[in-house]
Amino acid sequence: MTTRTATCRCGALTIKCTGEPVRVSVCHCLACQQRTGAPLAAQDRWRGADVELRGDAKQWTRRADSGHAATYSFCPTCGSTVAFVIEGWEGVTAVTMGAFADPKFPAPKFSVYEHRKHDWIEVTGDDVKHSSTTSAQRMPGLNIDVDPKDN
Ligand SMILES: [Zn+2]
Ligand SMILES: [Zn+2]
């Protein structure tokens, strides 16, 4: 079984992920842009049981447009956000893709909040689902395999 380890920049926080992510996406929303400091965010979602966080993470909770709380785990020393969980996505942990520092990480299949996308960014791939609806119009999906929804 494949294992991958995500780490914060200073290495104090690590997340070991076993198997394959259940969903890989990029988000262009303004909150994600501010969180990452980049014009888009890339994340992969895992079953909670497949994710093992080590180290002392600090947490911050933000209420998303959908009204659901999103709780972010980040390193108190270097500030990298390595994971987050969203209310309504029971048993699912999102891990920030960049924390794997792996250019071969599986490509995203979902590109969401495209109405906030910078014009010069293009998410390529024939099987990528593009979405511009705001999260207020989308219900968080419990059935992530059949009807994937967004954060
Ligand atoms: Zn750190
Ligand atoms: Zn976002």
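## Two arginines face to face

Arg23 stands opposite Arg45 in β4. Strands here are DSSP runs of E, at least two residues long, numbered from the N terminus. This is a predicted model, in which local features need pLDDT of at least 70, side-chain atom pairs count only at pLDDT 80 or more, and totals for chains, interfaces and linings use all residues. Residues are numbered from 1 along each chain as its sequence is written, while chains are lettered from A and ligands numbered from 1 in the order in which they are written.

## Strand β4 and its partners

β4 covers residues 41-47. Strand β3 (residues 23-27) runs antiparallel to β4, and 5 bridges join the two. β4 also pairs with β9 (residues 92-96), again over 5 bridges and in the antiparallel sense. Two strands count as paired if DSSP finds at least two bridges between them.

Which residues of β9 face β4? Arg45 has Ala94 as its bridge partner, and Gln43 stands opposite Thr96. β4 is mostly covered, with 6 of its 7 residues buried. A buried residue has 20 or more other C-beta atoms within 10 Å of its own, with C-beta atoms placed from the backbone.

β4 belongs to an open sheet of 8 strands. Their order is β6-β7-β8-β9-β4-β3-β10-β11, and the pairing is mixed. At the edges are β6 (58-63) and β11 (129-130), each pairing on one side only. Strands of a sheet pair through backbone hydrogen bonds, either parallel or antiparallel.

## Two nonpolar cores

A nonpolar core is a set of buried Ala, Val, Leu, Ile, Met, Phe, Trp, Tyr and Cys residues joined through C-beta atoms within 7 Å. The largest has 20 residues. Ala6, Ile15, Cys17, Val82, Ala83, Phe84 and Val95 touch the most other members. β2 (14-18), β7 (69-74), β8 (81-86) and β9 each supply at least two residues. β8 gives the most, with 5.

Take Ile15. Leaving out residues up to four places away in sequence, Ile15 touches Thr5, Ala6, Val51, Glu52, Leu53, Val82, Ala83 and Val95. Touching means C-beta atoms, placed from the backbone, within 7 Å. Another core, of 12 residues, lies apart from the largest one and includes Cys27, Cys29, Cys32 and Leu40.

## How confident is the model?

pLDDT is the predictor's confidence in each residue, from 0 to 100. The protein chain averages 89, and 87% of the residues score at least 70. Over residues 136-151, pLDDT stays under 50.

How values were computed. Helices (H or I, at least four residues) and strands (E, at least two) are DSSP runs, numbered from the N terminus. Two residues are in contact if their C-beta atoms, placed from the backbone, lie within 7 Å.
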